[in-house]
Amino acid sequence: MDTPEHPLELAEHLRGIAEDAARGVGPLLRGAFRSGAEARQKANAHDLVTAFDQASEKAISAHIFAACPDSRILGEEGGHQGTGRIEWIVDPIDGTSNFAHGVAFFCVSIAAALDGELLAGVVYDPVAELMFTANAEGAWLNGDRLEPSGTPEETASSLMTDYPSAEALELDGPAALEAFGTLVTRYATVRRTVSGALGLAHVAAGWTDITLGFDTNPWDVAAGVLLVRRSGGSYLPYRYDDEVRPVHEAPVYLATGPRTSAGTAVAIVEERVAARRAKGHRR
């Protein structure tokens, strides 16, 4: 099938490709889950990879190039591939640490962009068989439109975050633990889930109210950005510099469901970003 030129048709076309690519690696990931998959370190002991990350990305890339030859791919494992007009941003397993340790909270994340604008996104939970998708017209879960109501009262809200990570503790020092303590005190529930993409999908579905992340990569958030915004939520990007870049390239974010109050979380994110900027931290 030729790539459509009309923006709405193009977005829907890309959404279908992303959904098929993600679903296609579901059997591989379900079969490997809790089977003793061996993980090895990448940057450090907190950054893991398995053979199934690499095999999944290879299969996803092959599907994308076959379905949409005018493509290029930015993948967590394979880096840059291709030179086409449509950019695909792929995380074959977001939450590899969970996957490797038998925790059923990981996903496949695939987004498609044109000239830096996100057009389609998919976050697929292969264990629970949850397919979150978004395009220019909305967001869906297993075909049903996502329209979360949000929790307007801040103290009744739930929050997901991986902050502070070991790297954040090293960078921010005691302030990181103080910030985490404020979050735990302020919100009804704070969960550390180790999958930013799936956390964003849960905000889009209304299963959690707020999520925030520091020092993320485009493949961690690109699909989730679209899910949150197309479901009526808010996605706020933060940068350590003044460079103009696409929203999914910002290294820090805070996302909320519609009508959700998150003043405490916003203040913490802005304070930490300002402190890092003042120290000359860039990413």
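Analyst: Buried means under 20% relative accessible area, exposed means over 50%, and partly exposed lies in between (1.4 Å probe, protein chains only). Histidine 248 has 1% relative accessibility, so this residue counts as buried. This is a predicted model: local features need pLDDT of at least 70, side-chain atom pairs count only at pLDDT 80 or more, and totals for chains, interfaces and linings use all residues. Residues are numbered from 1 along each chain as its sequence is written, and side-chain values use heavy atoms, with hydrogens and water left out.

Now the sheet. Helices (H or I, at least four residues) and strands (E, at least two) are DSSP runs, numbered from the N terminus. Two strands pair if DSSP finds at least two bridges between them. Five strands form an open sheet in the order S12-S11-S13-S15-S14, with mixed pairing. Strands S12 (189-191) and S14 (234-238) are the edges, and each pairs on one side only. Strand S11 (residues 158-161) and strand S13 (residues 210-213) pair in the parallel sense, over three bridges. Leucine 159 has isoleucine 210 of S13 as its bridge partner.

Next, the helix. Helix H8 (residues 218-230) lies across S14 and strand S15 (252-256). H8 runs at about 140° to S14. Such angles run from 0 to 180 degrees between N-to-C directions, and axes are lines fitted to C-alpha atoms, for helices over the stretch in contact.

Back to histidine 248. This residue sits in the loop between S14 and S15. Contact means heavy atoms within 4.5 Å. Leaving aside neighbours within four places in sequence, histidine 248 is in contact with Ile89, Gly116, Leu118, Pro218, Val221, Ala222 and Val225.
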